[in-house]
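Dear colleague,

I am handing over the structure we talked about, and below it you will find a description of what turned up. Please keep the sequence and the 3D view open while you read.

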Amino acid sequence: DESARYFEEARGIFADLGNRPVLSICLLNLGSNARRRGNREQARRLFRECLIIRRDAGDQWGLAFSIE
């Protein structure tokens, strides 16, 4: 859908910029979008990537929010 296209575009931009906190937000939203579409494997992969970024950054709040 349209939101996924925008988040994919943003994902590429923030990855290129090295802005990992915002990249993790894009991944979380893409994962939620994939889950709503019924693509559980893609959602799992995106959520896992988001969690890794947040864990590596020591972002405890972000981790808790992502797991919720």
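Reading along the sequence, you will find that the protein follows the pattern α-α-α-α, and in keeping with this there are four helices and zero strands. Please bear in mind throughout that this is a predicted model.

Let me begin with the overall form. The C-alpha trace of the protein spans about 30 × 25 × 15 Å along its principal axes. A compact globule with 68 residues would have a radius of gyration near 11 Å, and because the protein has 11 Å, its value agrees with that expectation. Of the 68 residues, 32% count as buried, while the protein exposes about 4700 Å², of which carbon and sulfur atoms supply 54%. Among the contacts with a separation of 6 or more, those between residues 24 or more positions apart account for 34%. As for charge, the protein has 12 positive and 10 negative side chains, and the centres of these two sets lie 6 Å apart.

Which residues make up the largest nonpolar core? This core has 11 residues in all, namely Ala-4, Leu-23, Leu-27, Leu-28, Leu-30, Ala-34, Ala-43, Leu-46, Phe-47, Cys-50 and Ile-53. Helix H2, covering 20-36, and helix H3, covering 40-56, each supply at least two residues of this core. Ile-53, one of the core residues, is in contact with Arg-20, Leu-23, Ser-24 and Leu-27, once its neighbours within four places in sequence are left aside.

Another core member, Ala-4, lies in helix H1, which runs over residues 2-17. Is Ala-4 buried or exposed? Its relative accessible area is 13%, and because buried means under 20%, Ala-4 counts as buried. Leaving aside its neighbours within four places in sequence, Ala-4 is in contact with Leu-30, Asn-33 and Arg-37. The C-alpha atoms of Ala-4 and Ala-34 are separated by 8.5 Å, although these residues are 30 residues apart along the chain.

Turning to the other end of the sequence, Ser-66 has its place in helix H4, residues 60-67. Ser-66 has a relative accessible area of 15%, so this residue is buried as well. Where does Ser-66 make its contacts, if its neighbours within four places in sequence are left aside? Ser-66 is in contact with Leu-28, Cys-50, Leu-51 and Arg-54, and two of these, Leu-28 and Cys-50, belong to the core described above. The C-alpha atoms of Ser-66 and Asp-1, which stand 65 residues apart along the chain, are separated by 22 Å.

Finally, it is worth looking at Asn-29, whose place is in helix H2. Because its relative accessibility is 29%, Asn-29 counts as partly exposed, whereas Ala-4 is buried. The C-alpha atoms of Asn-29 and Asp-59, 30 residues apart along the chain, are separated by 17 Å.

With best wishes

Terms used: Residues numbered from 1 in each chain as written. Predicted model: local features only at pLDDT ≥ 70, side-chain atom pairs only at ≥ 80, totals over all residues. Heavy atoms only, no water. Rg over C-alpha atoms; globule rule 2.2 N^0.38 Å. Buried < 20%, exposed > 50% of the residue type's maximum accessible area, 1.4 Å probe, protein only. Contact = heavy atoms within 4.5 Å. Areas by Shrake-Rupley, 256 points an atom, 1.4 Å probe, with all protein chains shown as cover. Lys, Arg positive; Asp, Glu negative; His and termini not counted. Charge placed at Lys NZ, Arg CZ, Asp CG, Glu CD. Core = buried A, V, L, I, M, F, W, Y, C linked by side-chain atoms within 4.5 Å.
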